[in-house]
Amino acid sequence: MRLEGKTALVTGASRGIGRAIALALAKEGAFVAVNYNGSEEAARQVTEEIRSAGGSALAYQCSVADAAAVKDMMEQVIQERKRLDILVNNAGITRDNLILKMKEEEFDAVLDTNLKGVFHTSKIAAKQMLKQKSGSIVNISSISGILGNAGQANYAASKAGVIGLTKSLARELASREIRVNAVAPGFIETDMTGKLPESAAEAGKGQIPFGRFGKAQEVAKAVCFLASDDASYITGQVLCVDGGMGM
Ligand code: NAP
């Protein structure tokens, strides 16, 4: 129970990696604010699973791309819990296309959710964490943001942006020992990779030294570590959870 008494907010926690992170943080003793955008029923199931395991959680709807909605949600969480110890920026989308076919809307939608969403939440979290003089932010980037990926110019740019944002915020907040780190997953078994054509999935596996996709729980363990005091002297880092893909 490394996170007993802590309050955590996980964006995009209704499904996939975010769901696994919410469950793992709750298992370590944190209260978890489970953010979702469209999947209300799935988010409700996450909070129920946490509660039936003896933890505590509540679901909060808002699109991270909407600055005003993020402000309302986060102020509600902070007002209810009186603090915010852990923010996990996990919400993310893909709108894959080759650059010649990529529409401006596809570029903007991905940047608005994956990068600007992190700006919106982090700004409010930083204010609260500076008041508390403590806190940990973990941003979910991607190996695509480090290596690039054909067909994902928008997504890779957003995830590279998340790394720059992580390191800048880590420098801004370090004097109060507020830590900001990123996790860069490789291919992980979720709805997001479930959309890949069989040929692309096989080609992906061929690039992974482990020869398999990772599991959401394997990403969640890295997030729990960075969120906890076990990582008390770690900030501004990018931890790849990718079966060796990026080495
Ligand atoms: P996923 O299964 O598609 O789930 C995405 C989650 O993000 C859902 O809970 C969804 O909520 C939420 N979300 C989407 N847009 C949102 C918005 N505007 N506001 C709030 N929540 C929003 O994706 P995943 O594979 O778990 O990916 C999670 C994160 O890991 C993403 O940032 C992704 O880029 C990153 N990542 C994934 C992989 C991978 O291989 N899967 C690899 C590297 C990085 P609703 O369903 O409620 O709309």
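This is a predicted model: local features need pLDDT of at least 70, side-chain atom pairs count only at pLDDT 80 or more; totals for chains, interfaces and linings use all residues.
Me: What makes Cys62 count as buried?
Reply: Buried means under 20% relative accessible area. Cys62 has 2% relative accessibility, so Cys62 counts as buried.

Me: Why is Cys240 called partly exposed?
Reply: The term covers values between 20% and 50%. Cys240 has a relative accessible area of 34%, and therefore Cys240 is partly exposed.

Me: How do you know that the sulfur of Cys240 is too far from the closest cysteine sulfur for a bond?
Reply: A disulfide requires a pair of cysteine sulfur atoms within 2.5 Å. The closest cysteine sulfur to that of Cys240 belongs to Cys224, at 18 Å, so the two are too far apart for a bond. The structure as a whole holds 0 disulfides.

Me: Which residues have the most contacts inside the largest nonpolar core?
Reply: They are Ile21, Leu25, Val32, Val34 and Val183, in a core of 35 residues. At least two residues of this core come from each of β1 (7-10), α1 (16-27), β2 (31-36), α2 (40-52), β4 (86-89), β5 (136-140) and α9 (216-227). With 8 residues, α9 gives the most to this core.

Me: What does Val34 touch, not counting residues up to four places away in sequence?
Reply: Val34 touches Val10, Ala13, Ala22, Ala43, Val46, Thr47, Ile50, Ala57, Leu58, Ala59 and Tyr60.

Me: What makes α4 roughly parallel to α6?
Reply: Angles under 35 degrees count as roughly parallel. The axes of α4 and helix α6 (residues 153-173) cross at roughly 15 degrees and come within 9 Å. Therefore α4 is roughly parallel to α6. The crossing is right-handed. On the α4 side, the contact is made by residues including Phe107, Leu111, Leu115, Val118 and Leu130, and on the α6 side by residues including Asn154, Tyr155, Val162, Leu165 and Leu169.

Me: Why does Asn154 count as buried?
Reply: The limit for buried is under 20%. Asn154 stands at 0% relative accessibility, so Asn154 counts as buried. Asn154 is in helix α6. Leaving aside neighbours within four places in sequence, Asn154 is in contact with Arg95, Met102, Glu106, Phe107, Val110 and Leu111.

Me: At what angle do α3 and α4 pack, and how far apart are their axes?
Reply: The angle is about 30 degrees, with the axes 9 Å apart. The crossing of α3 past α4 is right-handed. Ala67, Val70, Lys71, Met74 and Ile78 of α3 make the contact with His120, Thr121, Ile124, Ala125 and Gln128 of α4.

Me: Why is Gln128 called buried?
Reply: The threshold is under 20% relative accessible area. Gln128 has 10%, and so Gln128 is buried. Gln128 is placed in helix α4 (residues 104-132). Not counting residues up to four places away in sequence, Gln128 touches Ile78, Lys82, Arg83 and Leu84.

Me: What makes Lys82 count as exposed?
Reply: Exposed means over 50%. Lys82 has 63% relative accessibility, so Lys82 counts as exposed. Lys82 is in the loop between α3 (67-81) and β4. Although Lys82 is not a glycine, its phi is positive, at about 70 degrees.

Me: How do you know that Lys133 is exposed?
Reply: The value must be over 50%. Lys133 has a relative accessible area of 56%, and therefore Lys133 is exposed. Lys133 is found in the loop between α4 and β5. Phi of Lys133, a residue other than glycine, is positive, near 60 degrees.

Me: Why does Lys103 count as partly exposed?
Reply: Exposed would need over 50%, and buried under 20%. Lys103 has 48% relative accessibility, so Lys103 counts as partly exposed. Lys103 lies in the loop between β4 and α4. From C-alpha to C-alpha, Lys103 and Asn139 are 26 Å apart in space, and they are 36 residues apart in sequence.

Notes: Residues are numbered from 1 along each chain as its sequence is written. Side-chain values use heavy atoms; hydrogens and water are left out. Buried means under 20% relative accessible area, exposed over 50%, partly exposed in between (1.4 Å probe, protein chains only). A nonpolar core is a set of buried Ala, Val, Leu, Ile, Met, Phe, Trp, Tyr and Cys residues joined through side-chain atoms within 4.5 Å. Helices (H or I, at least four residues) and strands (E, at least two) are DSSP runs, numbered from the N terminus. Contact means heavy atoms within 4.5 Å. Axes are lines fitted to C-alpha atoms, for helices over the stretch in contact, and angles run from 0 to 180 degrees between N-to-C directions. Angles under 35 degrees count as roughly parallel, over 145 as roughly antiparallel, 65 to 115 as roughly perpendicular and the rest as oblique. A crossing is left-handed if the near helix is turned anticlockwise from the far one by less than a right angle, and right-handed if clockwise.
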